[in-house]
Amino acid sequence: MIHVRRLGKQIGAEILNVDVRALDDAGFAAIYRAWLDYNVVVVPDQHLELDDFLRYSRRFGAIYPHPSKSTRHPHHPEITVLGVNKFGPDGTLDQAIYRRGAEGWHTDGAYDAEPFKATQLYALAVPSRGGDTLFASMYAAHDALPSRLRDRLEGRTGIFTYGGRRKATALLDPEDRDWTPVRHPIIRTHPETGRKALYFDPGKILSIDGLDAAESDAIIDELTERMIQPEGEYRHRWRNGDIVIWDNRCSYHKAAGDYPPEEDRIHWRVSIKEH
Ligand SMILES: O=C(O)CCC(=O)C(=O)O
Ligand SMILES: [Fe+2]
């Protein structure tokens with residue numbers, strides 16, 4: 001019998017007593033419900049081949065190859081492999097690979113007209129220390145906004161691009177770096193839960209539409225300060241065989257980026273959209 005155990009105060013749940021290779025529709029519905037309720041779901045102790053991981057991931061939606069072509073699995077482009085080829089031919093550590101996702105709190109795919117609904121990782125190798133992934137609730141961020149700021153943002157869109165204001169595009173092939181910016185409402189209603197979230201990403205946003213540059217920059221700075229509410233956080237310490245899925249429509253995450261670089265930290269990763 002599937003058991004759902006809550007992890008953080010507001011987000012994070014662990015699903016116990018399940019083998020995702022042999023999961024019926026009722027079992028999957030229980031996991032999906034827990035995911036909508038707690039935004040980050042951990043399924044520990046799984047023993048998956050690549051096809052098992054793809055099959056299970058497709059139950060959440062459609063899988064799309066990540067725009068970073070150089071980090072795709074050579075035979076399965078819809079799988080990104082995190083943490084491989086960290087060292088260049090001269091032995092130097094490639095920071096873009098080692099620190100992928102560690103530059104700051106973010107939500108995956110805000111540079112896309114239809115951002116990723118979910119991202120799912122499966123842990124193949126876990127370092128002896130460090131390498132956690134941190135999560136935080138966008139609902140908590142929204143609910144904690146002062147009403148002055150919420151009123152200023154309601155109905156406004158943000159303009160987002162790959163790499164944002166820092167132009168951090170090292171993981172893209174050179175011919176893919178000229179990205180066309182997209183717009184998203186900053187206060188976004190989750191399509192499945194109906195709850196309001198602060199949809200924001202300091203590493204991808206360029207500006208807030210309709211504000212002058214100084215006010216837009218000031219609000220971006222203020223949102224960067226306010227986006228993480230401590231009671232809305234969950235920190236995941238990885239074990240081999242963990243599957244973790246997060247909802248990019250209502251949670252932020254970042255990699256701790258602090259493990260011994262000479263050790264392996266390897267995950268299969270998929271980006272999931274609605275259709
Ligand atoms: O490696 C991690 O902990 C997370 C990296 C990340 O941000 C991502 O895969 O989207
Ligand atoms: Fe990410």
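The shell around ligand 1 divides into 2 nonpolar, 4 polar and 3 charged residues, where Ala, Val, Leu, Ile, Met, Phe, Trp, Tyr, Cys and Pro count as nonpolar, Asp, Glu, Lys and Arg as charged, and the others, Gly among them, as polar. This is a predicted model, in which local features need pLDDT of at least 70 and side-chain atom pairs count only at pLDDT 80 or more, while totals for chains, interfaces and linings use all residues. Residues are numbered from 1 along each chain as its sequence is written, and chains are lettered from A and ligands numbered from 1 in the order in which they are written.

To see the shell itself, select Leu82, Arg100, Gly101, Asp108, Thr119, Thr133, His253, Ala255 and Arg269; a residue belongs here if its C-beta atom, placed from the backbone, lies within 6 Å of the ligand.

Next, select strand β7, residues 133–137 (helices, H or I of at least four residues, and strands, E of at least two, are DSSP runs numbered from the N terminus). Of its 5 residues, 4 are buried, so β7 is largely enclosed by the rest of the structure; buried means that 20 or more other C-beta atoms lie within 10 Å of the residue's own, exposed that 12 or fewer do, and partly exposed in between, with C-beta atoms placed from the backbone. β7 pairs in the antiparallel sense with β15 (residues 251–255) over 5 bridges, and also in the antiparallel sense with β13 (residues 233–236) over 4 bridges, pairing being assigned if DSSP finds at least two bridges between two strands. Within these pairings, Leu134 has Lys254 in β15 as its bridge partner, and Phe135 stands opposite Tyr234 in β13.

Finally, go to the loop between β15 and β16 and pick Glu263, which is partly exposed, with 14 other C-beta atoms within 10 Å. Leaving aside residues up to four places away in sequence, Glu263 touches Pro127 and Ser128, contact meaning C-beta atoms, placed from the backbone, within 7 Å. Arg150 lies 113 residues from Glu263 in sequence and 44 Å away in space, C-alpha to C-alpha.

Technical notes. Contact = placed C-beta atoms within 7 Å.
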